[in-house]
Amino acid sequence: MGKKTRMTGARALIECLYAEKVEVMFGYPGGVLLPIYDELYDADIDHILVRHEQAAAHAADGYARATGKVGVCLATSGPGATNLVTGIANAYMDSVPMVAITGQVPRPLIGNDAFQEANITGITLPITKHNYLVTDVNDLPWIIKEAFHIAFTGRQGPVLVDIPKDVTTDEFDFEYPDKVDLRGYKPVKTGHKMQIKRGAEAIIKARRPVIYIGGGIISSNASKELLELAEIINAPVTTTLMAKGAFPDSHPLCVGMPGMHGTKYANFAIQESDLLIAIGVRFDDRVTGKVDSFAPNARIIHIDIDPAEISKNVRVDIPIVGNARSILKMLVEFISELKKSKSTTTQWIKKVEKWKQQYPLKYLMGDTLKPQYIVEQIHELYPDSIIVTEVGQNQMWAAQYFKYSQPRTFISSGGLGTMGFGFPAAMGAKKGCPDKVVFDIAGDGSFQMNSQELATVVKNDIPVIVAILNNGFLGMVRQWQDLFFDKRYSFTSIDDSVDFVKLAEAYGALGLRVTKPDEVAPALKEAVDSGRPTVIDFVVEREENVSPMVPAGAAINEILDLEA
Amino acid sequence: MKHTLAILVENRSGVLTRVAGLFSRRGFNIESLAVGITDNPDISRMTIVVSGDDHVLEQVIKQLNKLIDVIRVSDLEPGETIERELALFKVKVDKGNRSEVMQIVDVFRAQIVDVGVKSLIVGVTGTNDKIDAIEKLLRGFGIVEVVRTGTVAMNRGAKTVKPGK
């Protein structure tokens, strides 16, 4: 039991954030937040003032993914809170630990349709792991404690805390609790020993195993354990979009991404495998394609922290619920004990290797600037960067052509597919990892959804580099129109001559334009060397398609080559 | 296939919305829902009758367990469970058929809880099936209004649904 000190709710909130070791937060003030912002004025927290609340949520998200800590954002009542909604939904879909704090109108006005009132706890009910409306200042400390605990443990996710203005001005005797006691929330940590043993036995018997990994490897920091498993059983590893970086792309066992825009060899391997070892994944439709035809010959081991993911989309033979890292440790131990002979998968690996040689990711290089080439150049010059992406073609090329080697270096909106995510998330990642070079690989469509944050990065000296793969199209939708709608490009051309160089300059950022392949490397170097927030407008081939591609509803081995 | 779930939840505002919202969002069908306080004033108990196959039921239970305010979910076994529902039926009557209605009420061990000149209110408790049966018979006389509580249920014998540690 600590010492009780008398203070206001607003002051107590700052004390709570100190107790949770919050160093950085992203926010935007407003009427009901005045008492909190007055406390923030000289608080020892690096508060970044964004230009739109949506960006605060995405920045907190990017910060969380890059650092592994809880991201924190703050917005005022009504429109401030509703502007956070997309960012919260995004964090929910990708299981990102975040605490979103919103101001609320004073308690006597709640329910009266007061000025700037919105029922944000109601609105965010289906997109938060949990949320709270603080109705008594005495509840504030335990609510904040619980919020951080819930956001960070189990399957991570966003938690929203809505604080009425008069709660922030009420005085009380503050004391921060040192533990939480939630009888309805007891996340499983270690896996069931017998199930892990069953998994180990199945793995030893398998002749054509494939390890299929997702974001759970990154959130449980299990990359090392995964590497051990892959090498000890000598099995190919396919890394979903959410798992990019969790297993090195350069590793001989890595077969890249599965699914819609995955590699042919990853998809073929899954379809022929006799045992799928799925870890921290949720069998998303973009991965499985036609679900009835997914991995038809495989038994499935599913390791996940969330019991509700087991057998949600596909039937699972051996479920193991718990933290991926601790389960992988035990799994490797069991396998080492049981395994007598050397590798039994040599033939299988040879086969997968042959597919790899036969069907590499490829694009045609011509006179025009190809987006894939730009991504390759970024990797060539700055392989240790953090790559954040927008959504659409840019995202797929960033996933396909940059070779990731470390977890938390690829940050992308996977589940929700939020255009406009990348730039503010890159800002958050750079705040969390100031020593890293941070790129936002963007499309001209996505970037325009949050380009106002140029003001934020310039003002706060957050030197991220936005690499716009500018094709003057909402490229992924155009690609579908190209393939499935007879090239009727209905409202996808955005060739509206926005001068991104001037836009950058207007905000005080560095703006560069690149139109030829040989200008790519010098521009990247100039951007990084400048140490300034930079926008590079790469004017690329307009109708380049992301290839290969599994059409929606097809089995994942029905994968088409689309390179022009 | 119908299942009866006993759900212990924190007795806080918004809990019902969380549970009901989960059912609609995930596309689960609620047949009936009843909620009330328990012997512990911090805990409410919901009885939800849900229809769906085993896969749906498994998802319902898992998703409910993910709600922070849900303390315990128990799928009550049909043969081992007492289920009761209360219903009130306002039935049109006249001199000619009033006694006939009262006979039906007797057979079902229901009660006449209000008598008017042109109508009666029949109160009945029992299983869902029993209430359906009496409703079917009363419909012949003309039912003006119906209200049903939804099923509440409890394990037979010593078995209980308790929060646990």
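Author: Angles here run from 0 to 180 degrees between the N-to-C directions of axes, which are lines fitted to C-alpha atoms, for helices over the stretch in contact, and an angle under 35 degrees counts as roughly parallel. In this predicted model, helix 3 (residues 53–67) and helix 4 (residues 79–93) of chain A pack at an angle of about 30°, with their axes 6 Å apart, and they are therefore roughly parallel to each other. Residues are numbered from 1 along each chain as its sequence is written, and local features need pLDDT of at least 70.

Reader: Which residues make the contact between helix 3 of chain A and helix 4 of chain A?

Author: Contact means heavy atoms within 4.5 Å; from helix 3 of chain A the residues include A:Ala57 and A:Asp61, and from helix 4 of chain A they include A:Asn83 and A:Gly87.

Reader: Is helix 6 of chain A mostly covered or mostly open, and how many of its residues are buried?

Author: Buried means under 20% relative accessible area (1.4 Å probe, protein chains only), and helix 6 of chain A is mostly covered, with ten of its 13 residues buried. Among them are A:Leu140, A:Ile144 and A:Phe148, and what covers the buried residues of this helix includes helix 1 (9–19) and strand 5 (98–104) of chain A.

Reader: What follows helix 6 of chain A?

Author: Helix 6 of chain A, residues 140–152, is followed by A:Gly154, whose phi is positive, near 60°.

Terms used
Chains lettered and ligands numbered in written order. Predicted model: local features only at pLDDT ≥ 70, side-chain atom pairs only at ≥ 80, totals over all residues. Heavy atoms only, no water. Helix = DSSP H or I, 4+ residues; strand = E, 2+ residues; numbered from the N terminus. Parallel < 35°, antiparallel > 145°, perpendicular 65-115°, else oblique. Expected span 1.5 Å × (residues − 1). Buried < 20%, exposed > 50% of the residue type's maximum accessible area, 1.4 Å probe, protein only.
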